[in-house]
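Open the model in a viewer and keep the sequence panel beside it. The stops below say what to select next and what is there.

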Amino acid sequence: MPERPGPTVYSIAAHRGFADALVAGLVPRYEEPGLGLARLTLLLPSRRSQRVLTEAFTRLYGAQGRGGLLLPRMAVVGDLDLDETLGSLLDPLGAADIPPAVDPMRRWLMLADLLAEEMGRNAPEGAARLRMARQIGQTMDRLLVEEIAPNDLVGPLVLDLLGNLSTHWQRSLRTFIGVQDRWLAQLRQWGMVDAAQRRNLLFAHAVRCWRERPTDRPLVAAGVTSAAPALARMLRAVADLPQGAVILPDLDLALRPEVWDELGCAGCAPGEGEHVFARGDAVTHPQYHLKLLLNRMGVAREEVRQWHRRGVRAAPPERTQAISALFLPPVASRIWVDLPAGKRRLAGVRTMQTANPDAEAQAIAVLAREALEEPEKRVAIITPDRSLARRVVQHLRRWNITADDSAGQPLTHTAAGRLFLLLARVASDQAAPVPLLALLQHPLVGAGTDRRQWLAFTRELDLALRKPRPAPGLPPLRRIVEQLTRLEDHSAMLDWWGAVENRLNALFACACEEEAPLADQVDCLARIAEAFCGLDLWAREDGRALSTFVEALREHARAAGTRLAPRHLASALRDEMECIAVRPPYLGHTRVAIYGLIEARMTRADLVICGGLNEGTWASPAARDALLAPAVLRALGVPGVDHRIGLSAHDLAGALGAREVVLSRARRDASGPAIPSRFLLRVQALLGEQAEAHIDARTPLLGEAVDAPRASPKPYPRPAPRPTAQQRGVAIAVTALDRLRGDPYQFYAGAILGLRPLDRMDAEPSPAWQGELAHKILERWHAARKSDPAARLRPIASCVLEEMNAHPVMRGLWRPRLLAALDWVESSIAAEPQRTPIAVEQRGKMRHLDVQIHGRADRIDRMPDGTLAVVDYKTGRPPSRQMVAKGFALQLGLIGLIARSGGFDGVQGEPECFEYWSLARSEKSRTGFGFVDTPLKIGSRKTGLEPEQFLPLTEQYLADAITRWIKGDEPFTARLEPDYQGYNDYDQLMRLDEWQAIAEAPSAAGEAAA
């Protein structure tokens, strides 16, 4: 490259394709016979760009039919956003005078301790303190990158603002300054510097070396767009070298001077004492950060030359003109009204809208699959939405396409990472059912054992824990396992639980202190994890990443002396592990790649799909600095957070330079209707009347057709199964007659198919659980009264609550109400000594029309006249008289029929009294809970059945049900009686939502006609 006065700076237009255009120009300029490009050194922004350029060189030489290739030396500047370090060229062994950098994890832990010292009692605890320490570190790095000295925070620019700041910002500023001072003192003691500071020192070292001893070898910085002052000075030094050059991506050289000026001062204060970033700066414009970079380099835009090489599959030149017009700032965008069609042409750019994110992912996958039909066509899917990216990956697997997902997945989403966090949750939650069962069912757990047997025992424990949460700790769980083994005579399960319990005991031993060393807790988690999984835990890429994380955290936590309460361990680990990306050791499909915004820079493909173009995703809302007020940052000369929106706009501008581009969005997201991205709205506004022609309506339809049935499904009819006579021959429980008459399908599902709904894990105390508890207490009490008439209810209730392993919180919330209701039961029975309970929680049965009727009587009393009183305890409101009159809620009547037939041992007599004893709230009760109700017409009541009609009518309804469904051929129709207010346990099985509206429509039409 010939020498010329002034810096050597180039720009590659968006339509040319940066990587392909770059190598197309580098090869003829720098290739030497026998050496190829070996003497050339490239400074690149990230490791991803190294791979992109290598692929571009390979494509160019392949297209030219050439053989071997000597690539240039590629050095990485290191993208801080990607947590990358400098390459060896910029971090040489000769820079011994530059202090070493402190490890980021060590700094994070030390900042948390210094924060506690600074704030004292006001410091946040546990994971919150570690989170705040991370924010302090990020703010420190931000200031270091911008070369803001610590003294500047107490300089006149900030002190003049202090009185205008709110108390919150003043307090945050003081905290940050205090922690930073303590940290700098610690660094001086260690003889180390922050990584960002060392980066600046290394840049300065490189600049000094190049200026004192200019290299005679070609040195080119390509694709570096960071505007950090130290990096800008280094780029200027490269541009001034005799064989040096700086090549920028997508700098708009055709932008009119007045439009360039409208972007703002961009780091150059318009006058003495004024801010370098004015309030009116167009920081969200895609060219703003490039203007800032040029200003800091000391290079005028007029000195930048156009790179005239183009990629193999470049887009038409009109595309760059349209992109320039697309992102004009507000005042300049007025020319859109008179803009000729040639300058708003976006041929090859399509917009696509789908109903929801899943439909969007499906449509994107269809686009990628369709593109692969064309040989050598490459597809790049660019989106900042990781959820959308994961959906696309899964949809592509339908066609055995494994996309090359550059971001990988967070360590927390991998098998090894989830296991580590589950152990921490089990310890902090004291073996709560949800994390415990998730741990035992984890695919890595159970190494060295019979996996099928392990899962069988785990599932039995799962079924036993589907109820309100038991008391914390392992002893309640052991009692549950012992009950299971007694019921099923399964001693092997007890041995299995013993092995699990031993490991968990070791885990809880590390978490028994109020606050323990973090290193010891991590040691314990790693040891127990290996006990559960064996060496398989560390065998794959996620295990290796976890191992590296554990070793680093253990080392630095021990060096820093960090202590943490075990209850905060899971949250602290999750926050840190979320930042660790795990990538597979092998690459995915060679022609399909998924990128985030940072990774997508410099990449180019034949088809670029920009997904998730909704506001809040692209561009994402800028996160304000949590510690320094925006006014303070502006006074210090730090770019505002809106600066990142401009970077996102530049990313989109670069993506629009591809030959074929699809801009995709979903009309709704998980939270509701979504707003289109401001960038997409600009595209539609620029296209104007041509916008309709750029809409891709075909691909979303193809995406829907992938999963659509071949033929339209017929409407699902109301279920009405007709089992065989042999299948119908089942017994009827006294609680099941209502279901048989009101919703026969539910009876069919429960009694004939034998299906039982599963309770939820960690469920709230259901009425059934509360009733079971109350019945067990009353049964114990009545049994105790036979030997001791003075036995009291409260001690027995406490004993039963302990036996049921109820969680202390639940006991505390429900126990007062329960005891108040039981006190009412005790006093009510004592108030009628002439009324004697003769059967309590006793099972009975009878045969009616050759069908067994069975049930359990809560209580049967002998009245003074020798008749029987049937009592049913209810924890809620009892059924109404109207329901009984309609033939439902006949449980009392059926118990009475069984008692009259002698179906209960030791019970003889005629039932005449039927009562519900409700434990619900009652204003008339002395204790506030409990009342007696009867579903019959007695006393002054004007509605309901007469007492003498109750048993005959119950018998009549029972005979009718048996005749129709048990002995007859009546179908078990779903929701037969609309008035029946039963349970909805089987609504999903009967597919209620599919046919209910259709079934109700004719009846509604008939009512309207009447």
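Select Gly 298, the residue that follows helix H10 and has a positive phi, near 75°. Helices (H or I, at least four residues) and strands (E, at least two) are DSSP runs, numbered from the N terminus. This is a predicted model, in which local features need pLDDT of at least 70 and side-chain atom pairs count only at pLDDT 80 or more, while totals for chains, interfaces and linings use all residues. Residues are numbered from 1 along each chain as its sequence is written, and side-chain values use heavy atoms, with hydrogens and water left out.

**Helix H10**

Now select residues 288-297, which make up H10. Eight of the ten residues are buried, so the helix is largely enclosed by the rest of the structure. Buried means under 20% relative accessible area, exposed over 50%, and partly exposed in between (1.4 Å probe, protein chains only). The buried residues of H10 include Tyr 288, His 289, Lys 291 and Met 297. To see what covers H10, show strand E1 (9-12), helix H8 (229-240), strand E5 (244-249), helix H9 (257-262), strand E6 (304-306) and helix H24 (643-655), against which its buried residues pack.

**The whole chain**

Zoom out. The C-alpha trace of the protein chain spans about 120 × 70 × 60 Å along its principal axes. Its secondary structure comes to 36 helices and 24 strands. Of the 1010 residues, 52% count as buried. Among contacts with a separation of 6 or more, 78% join residues 24 or more positions apart; contact means heavy atoms within 4.5 Å.

**The open sheet**

Which strands form the open sheet, and in what order? There are six, in the order E7-E16-E15-E8-E14-E9, and the pairing is parallel. Two strands pair if DSSP finds at least two bridges between them. Strand E7 (349-354) and strand E9 (404-405) are the edge strands, each pairing on one side only.

E7 and E16 pair in the parallel sense over six bridges, and Thr 351 stands opposite Leu 663 in E16. Select E16 itself, residues 660-666: six of its seven residues are buried, so the strand is largely enclosed by the rest of the structure.

Step on to E15, which runs parallel to E16 and is joined to it by four bridges. Here Ile 609 has Val 662 in E16 as its bridge partner. Strand E15 (residues 607-610) also runs parallel to strand E8 (residues 379-382), again with four bridges.

**Two nonpolar cores**

In soluble globular proteins, nonpolar side chains tend to be buried together. A nonpolar core is a set of buried Ala, Val, Leu, Ile, Met, Phe, Trp, Tyr and Cys residues joined through side-chain atoms within 4.5 Å. Select Trp 497, Leu 504, Phe 532, Leu 546 and Leu 573: these have the most contacts inside the largest nonpolar core, which has 96 residues. Helix H19 (residues 518-533) gives the most to this core, with ten residues. Apart from it lies another core, of 83 residues, among them Tyr 288, Trp 336, Ala 380 and Leu 656.

Go back to Leu 546 and show its surroundings. Not counting residues up to four places away in sequence, Leu 546 touches Leu 411, Ala 416, Phe 420, Leu 537, Trp 538 and Met 577.

**Gln 746**

Next select Gln 746, in helix H29 (residues 744-752). Is Gln 746 buried or exposed? Gln 746 is buried, with a relative accessible area of 2%. Leaving out residues up to four places away in sequence, Gln 746 touches Arg 739, Tyr 983, Asn 984, Asp 985, Tyr 986 and Met 990.

**A hairpin and two positive phi values**

Move to strand E20 (residues 836-848) and strand E21 (residues 851-862), which pair in the antiparallel sense over eleven bridges. Gln 842 has Ala 857 in E21 as its bridge partner. Two residues lie between the strands of this hairpin, where Leu 849 takes a positive phi near 55°. At 46% relative accessibility, Leu 849 counts as partly exposed.

Most residues other than glycine have a negative phi. For the last stop, select Glu 147, where phi is positive, near 55°. Glu 147 lies in the loop between helix H4 (126-145) and helix H5 (156-162) and is partly exposed, with a relative accessible area of 35%.
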